[in-house]
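This report looks at how the parts of one model meet. Please have the sequence and the structure open while reading.

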Protein chains: 2
Amino acid sequence: MRVRLEDVARATGVSQKTVSRVLNEEPSVKEATRQKVLAAMESMNYRPSPAARGLAGRRSFLVAMLYDNNDNPASTYLAEIQDGVLEACEAHRYSMMVCPLRVHGQDFLRRIDALVADHHIDGVVLTPPLTDNRKLLARLQEHGVAHACISPMHHKGIVGVFMDEQRAASDLVGHLVGLGHRRIAHVVGIADHGASRWRLAGYKDALAAAGLAVDPQYIVQGEFTFGSGVVAARRLFSLKRWPTAIFTANDDMAAGVMWTANEIGLKVPRDLSVCGFDDTPMATQLWPSLTTVRQPSREMGRLAAQQLLEQLRGRGKGRLVQIPYELQVRASTAAAPG
Amino acid sequence: MRVRLEDVARATGVSQKTVSRVLNEEPSVKEATRQKVLAAMESMNYRPSPAARGLAGRRSFLVAMLYDNNDNPASTYLAEIQDGVLEACEAHRYSMMVCPLRVHGQDFLRRIDALVADHHIDGVVLTPPLTDNRKLLARLQEHGVAHACISPMHHKGIVGVFMDEQRAASDLVGHLVGLGHRRIAHVVGIADHGASRWRLAGYKDALAAAGLAVDPQYIVQGEFTFGSGVVAARRLFSLKRWPTAIFTANDDMAAGVMWTANEIGLKVPRDLSVCGFDDTPMATQLWPSLTTVRQPSREMGRLAAQQLLEQLRGRGKGRLVQIPYELQVRASTAAAPG
DNA sequence: TCATGATTTGACAGCGCTGTCATAATTGCC
DNA sequence: GGCAATTATGACAGCGCTGTCAAATCATGA
């Protein structure tokens, strides 16, 4: 019926334990033996049973992708990351679970306990803002579960992947300055997200570099959603002196800003330049298409998972990988009006 | 250390097997015994090991959500369905795996084999267009894996969830007719998807009901993507007599149409009415906001999974549930020009 | 050549649960 | 009240693999 490890052992003339060693890439197996076993596995189409491995051993070959279901309702950002994580997992014959967490409440720690207890999760991939949740990190540590972070706020001793968002934001705002804009507003993301801080910092950097003062009126709080972009834009358009350009901390809010501009009859980019951050699919689907910064989410998911697996499979410690950004200058930004 | 079934048995003074029976909701356990065991499980915080259950029994308590990665790159549609499936699974202590399939190639059947062999998947949730892939269905049957479908093309003997998309489309086009439109175009989705057929059929129904002829010029092939919406729109605008309204088979293509309208200086809805289908988040974020049909993806995922689990847990056969649609009339449709 | 340590292999128990089958308790009915 | 038919429970093996620890094999230097 099913090809078992025992069958491979018998066919090869070695013990089950030796086959197991080969399977798990343990050292101290003679190369000749390894090859023989590997060949038999291949030809017999042997596929180890995850259930049995999980039961007998300490490892489950399972990683979970955790995300905050509260701040991120079914976004393409997460879907892309998930795709990347999945890809890396499959390459190493690991399985992936997805685990939405509602962080507002203490209950989410129980979910972690359950995940570890039930499935013996080997490791987790954390997405923002979970990457910086102290309680969560502590609990993972307690359970001895490895983790990799995507865009973590702090970098010390962390495994995962990040981008220099501050410089990216600064470059982007520099682009606006280069177009002659002097009154440039910024719509901030959810306050305690790293992404919000970096992008705001980059905005300030660019203004400073251009010798422009930071006007607090032009910095409006948002929360990464389309709706909050609308609200922020209305607030900006209620000012005496309108900004000629608005940089929002992500594309969704930029869409909100553009929507509002349409609503009040402003023409983008003639009357107002708008730029976002992330380069979600929406960026090219807006009219006019959105100037933004490309953040390769899928790739980031893949790399983070890869580093996690590196660590789990005992090949080194896993690193914090930096990934380059890329400005996407499109049609939503143009020279400042007259 | 870990609380095992044996511990519960000892604490209750019954055999392991009896505890197992309670755990699996098997019949022929005296009510008093059941309660005693249940109480012990609760107080000891017992959590069965999925690995052990999977190894010993025939069931894995695992379901997979399959989707076609080719036609559906990381869409919110799938993300929402996934969310719903996950919710239903968690309610019944099942785990969920996600499994992207590339259907163009024979290789995907191997992936199914692997999924079943490796993980002993109990059942799968199928999303379009996999719901109608004969080879896939046959292979699942062979493996004895139960399945539930979301919006399957055929309804006979199928478990899952569907909407009356044809009537929905017909209502939507009826809405356009009511606004005085006579030259109404339709951008079709990927040809062999059920969604495309129903929506096209509904379009024709509505024209017929209004006594309007179906003009083949006004029916343009698309493929559910933004880009294909752009292409389709350009084609329509190359005709001598432009349509005054365009109904696209989904929201993404509607966005493409609106983008193109903007490009050539057409004002929606003054010069052109546009409507889509699905009510993705994008629908309210477009300018002007899009008239469309609400398809509650998340809920559909939840219901499909629920029916699948119903079947797996042996409580009845699982049904094909119909879910109501809802027209969302927004700002992208208005009275026909002139 | 043989002792010594390093390397490579194997025997076996057991991970936590369920299937099988046998046994015990209970019920219905004449 | 006694017998068969039913219902409720338990003993035990074993799912497919890995951890432990002991044994065999090999390489090395005196």
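Across the interface of chain A and chain B there are four salt bridges (a side-chain nitrogen of Lys or Arg within 4 Å of a carboxyl oxygen of Asp or Glu). One salt bridge joins the side chains of A:E90 and B:R111, at 3.0 Å, N to O. The model is predicted: local features need pLDDT of at least 70, side-chain atom pairs count only at pLDDT 80 or more, and totals for chains, interfaces and linings use all residues. Residues are numbered from 1 along each chain as its sequence is written, and side-chain values use heavy atoms, with hydrogens and water left out.

Chain A brings 38 residues into contact with 39 residues of chain B (heavy atoms within 4.5 Å). Within chain A, the domain assignment, which is automatic or from a database, gives domain 1 (5–48), domain 2 (62–163 + 298–326) and domain 3 (165–294). The contact between domain 2 and domain 3 of chain A takes eleven residues from domain 2 and 16 residues from domain 3.

The table sets out the two interfaces. Buried area is the accessible area (1.4 Å probe) that two parts lose on being put together, summed over both. A polar contact is a pair of N or O atoms within 3.5 Å; within protein, one must be able to donate a hydrogen and the other to accept it, and residues adjacent in sequence count only if both atoms are side-chain atoms.

| Interface | Buried area | Carbon and sulfur share | Residue pairs in polar contact (both at pLDDT 80 or more) |
|---|---|---|---|
| Chain A and chain B | about 3,400 Å² | 56% | 13 residue pairs |
| Domain 2 of chain A and domain 3 of chain A | about 1,100 Å² | 61% | three residue pairs |

Between domain 2 and domain 3 of chain A, the count of salt bridges is zero. The C-alpha centres of these two domains lie 29 Å apart. On the domain 2 side, A:M153, A:M163 and A:Y325 lose the most area to domain 3, together 52% of what that side buries.

Notes: Chains are lettered from A and ligands numbered from 1 in the order in which they are written.
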